[in-house]
Amino acid sequence: MSTFKVVVSNIQQITPLIKQFSFIREDGASLPPFSGGSHVVVAMNINGRLHRNPYSLMGSPQAPDTYHIAVRLQEHSRGGSAYLHHEVKVGSQLEITYPNNLFALDKRARKHLLVAGGIGITPFMSQIEDLIRTKANYELHYAYRSQDHAAFTSTLKEKCDERIRVYVESEGLSIDLKALLSKQPLGTHVYVCGPNAMVVALIETARSLGWPENHIHSEQFLAPPSGEPFKVKLAKSNIEVHVPAEMSMLEAIEAAGVDAPYSCRGGACGRCELEVIRTDGVLVHQDHYLSEADKAAGKKIMPCVSRAKCHSLEINL
Amino acid sequence: MERGYWIRSKPVYSTLVWQQQANAHIVLVEGSAGGLAAMKLFQQMHPEHPTKVLYARNPVVQQDLSIPLSKVVPDALLMFETTEESLVAFEAHLSSACMGLRIYVAGSERFIWQVAQMADKYGIDDSDIIKELVGTLARPIYCVHCKTISYEAHTNIKKCDGCGKQLFVRDHFSRRLGAYMGLMVDAEDPGQIPSIEEIYP
Ligand code: FES
C-alpha cells in the first residue's frame with residue numbers, strides 16, 4: 001500500500017481514555033480528500049517492530065488541511081494504542097496510507113440511521129460532515145458507558161441538533177434496537193460501528209424485521225488476537241516464516257520482507273485473502289469477511305487476523 | 001434462436017412465498033391468474049404481521065376472483081378495477097410504510113415492473129421484491145429509436161406505438177425502464193419483414 005509521511009500537529013485529550021491526534025503532511029503538500037467513513041492505516045515503529053493499525057478519519061472530508069484520528073487506549077493493547085498515547089508527541093513523524101473507504105454512505109438511501117457504540121463513533125464523525133453538507137436525512141444514535149466516555153458529544157450535539165440521541169449506560173439508558181429499527185421509513189439504510197455484541201445484535205434485529213441485506217452496513221476492525229506460534233511456508237517466495245504468538249501472520253510475513261496485500265488489517269475488507277495450499281493442522285478463522293462455507297472449506301485465509309493451530313501452513317504467496 | 005443461450009439482463013421470476021423475517025407484508029396481484037397466486041399464498045399460511053392484499057380485478061378481460069379471494073382474506077383485501085388504481089393505492093401505502101415491509105407481486109411483466117419502479121422511488125431495490133409472472137407472457141417493448149414503450153407484445157415483431165416502426169422484440173431487458181429492447185427489424189432492407197409469430201401468449 002502506498003503511504004506518505006505526516007507530522008503530528010496537535011494532540012487533545014478527549015476523554016480519560018481517548019486522545020485525538022491531528023496530522024499534517026510532512027512535505028507541506030495538501031492532504032488527499034476522502035469520503036465520510038474512510039480510514040487510514042498508521043505505521044508505527046515500536047522497538048524495531050513495525051505496527052500498523054487502522055483508524056477512521058474524522059472531520060471534514062472535502063478539502064482537509066489536517067487529518068484527525070481518535071485513539072482509545074486499549075486495556076490489552078498489543079502496542080499500537082499505548083505507543084500513540086504514551087510515546088507520540090506533537091512534532092512526531094508517522095507514516096500513513098492513503099484513505100480507503102469500507103464504510104461508505106449509500107447514496108440511494110432516503111434516510112441514514114447511524115448507530116455508534118463507544119469509540120465506534122469515529123467513522124461517523126466524517127460521515128456526519130457529508131450528511132450535513134448534502135442536506136441528507138439522518139439520525140445519529142450514540143451509546144457509551146458513562147459521562148467519562150462521552151467522546152465528542154458536545155461537538156456532535158451542536159452539529160446535529162435534534163438529530164442526535166445519546167444513551168449513557170451508567171444512567172440506565174440503552175438503545176432499544178427493535179423499537180428503533182421497526183419504525184424507520186422505507187428506503188432507510190442503517191450503519192453500525194461499535195463493540196462486537198452491539199454490531200451483531202443490530203444486524204440480527206434488522207434481519208429479523210425483514211430489512212434487506214443491502215440496507216445494513218457495519219464496520220468493525222478486529223485487533224489481531226494472539227495465539228500459538230506456527231510456521232508459514234510461502235510457496236512463491238520459497239521462504240519459511242515463523243509466526244510468533246503475539247504477532248499476526250500478516251505482520252510476520254511483512255517482517256520477513258515479503259509484501260502482502262492489505263487494507264483494513266481488521267478482518268473486514270477481504271483485501272488480504274491468501275490461498276491455503278496445505279496445513280498439518282487446522283485454520284483458526286477470526287475474520288468476518290469469509291463466508292461460513294469458505295471457512296469450512298479451508299482453502300482461504302485472512303492473515304491480518306486469522307491464524308492456524310498447526311506446525312506448518314503453506315500458502316500461495 | 002440459438003440453443004443454450006442465456007441473457008444476463010433477462011429477469012428470472014419465482015413463485016410467491018411468504019418471507020418469515022418481516023415487519024409487514026403487501027401483496028399486489030393482477031387479473032385472475034394474479035388472484036389465484038394470492039389465494040395460493042394464503043394456502044401456505046396466514047402471516048402474523050400486518051398484511052395487505054391489493055387486487056386489481058381487470059374484470060373486463062379476466063375472470064373475476066373477488067368473491068373467493070374475499071373469503072380467504074376477509075380483512076386485508078383491497079379491490080380495484082384496474083392496475084392503475086391499485087398502483088395509486090400502493091404508492092400511498094409506501095409513503096407511510098416502514099422498513100421491513102415485504103413486497104410481493106404477481107401479474108404480467110408490465111405490472112411487475114410498474115410495481116418495481118414504484119418501490120424504487122421509495123428506495124427499495126427490485127431484487128428485494130418477490131415476483132411471480134402469471135397470466136400472460138406479453139412483453140413491454142422499449143423502442144430504441146423513438147423511446148416509446150409499447151405494451152402487450154405477444155409476437156416476435158411488433159409495431160411501435162410511437163413511431164410505427166416494426167420492432168424486433170429482443171431478450172435484452174432494462175430494469176430501469178421495465179421493458180425489453182425493440183429494434184427496427186427492416187433497417188437494412190426496408191419493407192423486408194420476417195413472418196410475425198405469436199411467441200409471448
Ligand atoms: S486486510 Fe482487510 S481483511 Fe485482512
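Predicted model: local features only at pLDDT ≥ 70, side-chain atom pairs only at ≥ 80, totals over all residues.
1. C160(A) is buried, with a relative accessible area of 2%. C160(B) also counts as buried, at 4% relative accessibility. Here buried means under 20% relative accessible area, exposed means over 50%, and partly exposed covers the range in between (1.4 Å probe, protein chains only).

2. Helix 2 of chain A. This helix spans residues 122-133, and ten of its twelve residues are buried, so the helix is largely enclosed by the rest of the structure. Among the buried residues are F124(A), M125(A), I128(A) and L131(A), together with E129(A) and D130(A). After the helix comes K135(A), whose phi is positive, near 55 degrees. Helices (H or I, at least four residues) and strands (E, at least two) are DSSP runs, numbered from the N terminus.

3. Salt bridges in chain A. The structure holds 18 salt bridges over all chains, each a side-chain nitrogen of Lys or Arg within 4 Å of a carboxyl oxygen of Asp or Glu. D27(A) pairs with R25(A), the closest N and O atoms being 3.1 Å apart; D27(A) is exposed at 53%, whereas R25(A) is buried at 17%. D106(A) pairs with R108(A), with 2.9 Å between the closest N and O atoms. In that pair the acidic residue, D106(A), is buried at 12%, and R108(A) is exposed at 55%. A network of salt bridges links R52(A), E254(A) and R265(A).

4. A salt bridge between helices of chain B. E84(B) forms a salt bridge with R110(B), the closest N and O atoms being 3.9 Å apart. E84(B) lies in helix 3 (residues 83-96) and R110(B) in helix 4 (residues 109-121) of chain B, so the pair ties together parts that are 26 residues apart in sequence. Both residues are partly exposed: E84(B) at 40% and R110(B) at 26%.

5. Conventions. Residues are numbered from 1 along each chain as its sequence is written, while chains are lettered from A and ligands numbered from 1 in the order in which they are written. Local features need pLDDT of at least 70 and side-chain atom pairs count only at pLDDT 80 or more, whereas totals for chains, interfaces and linings use all residues, and side-chain values use heavy atoms, with hydrogens and water left out.
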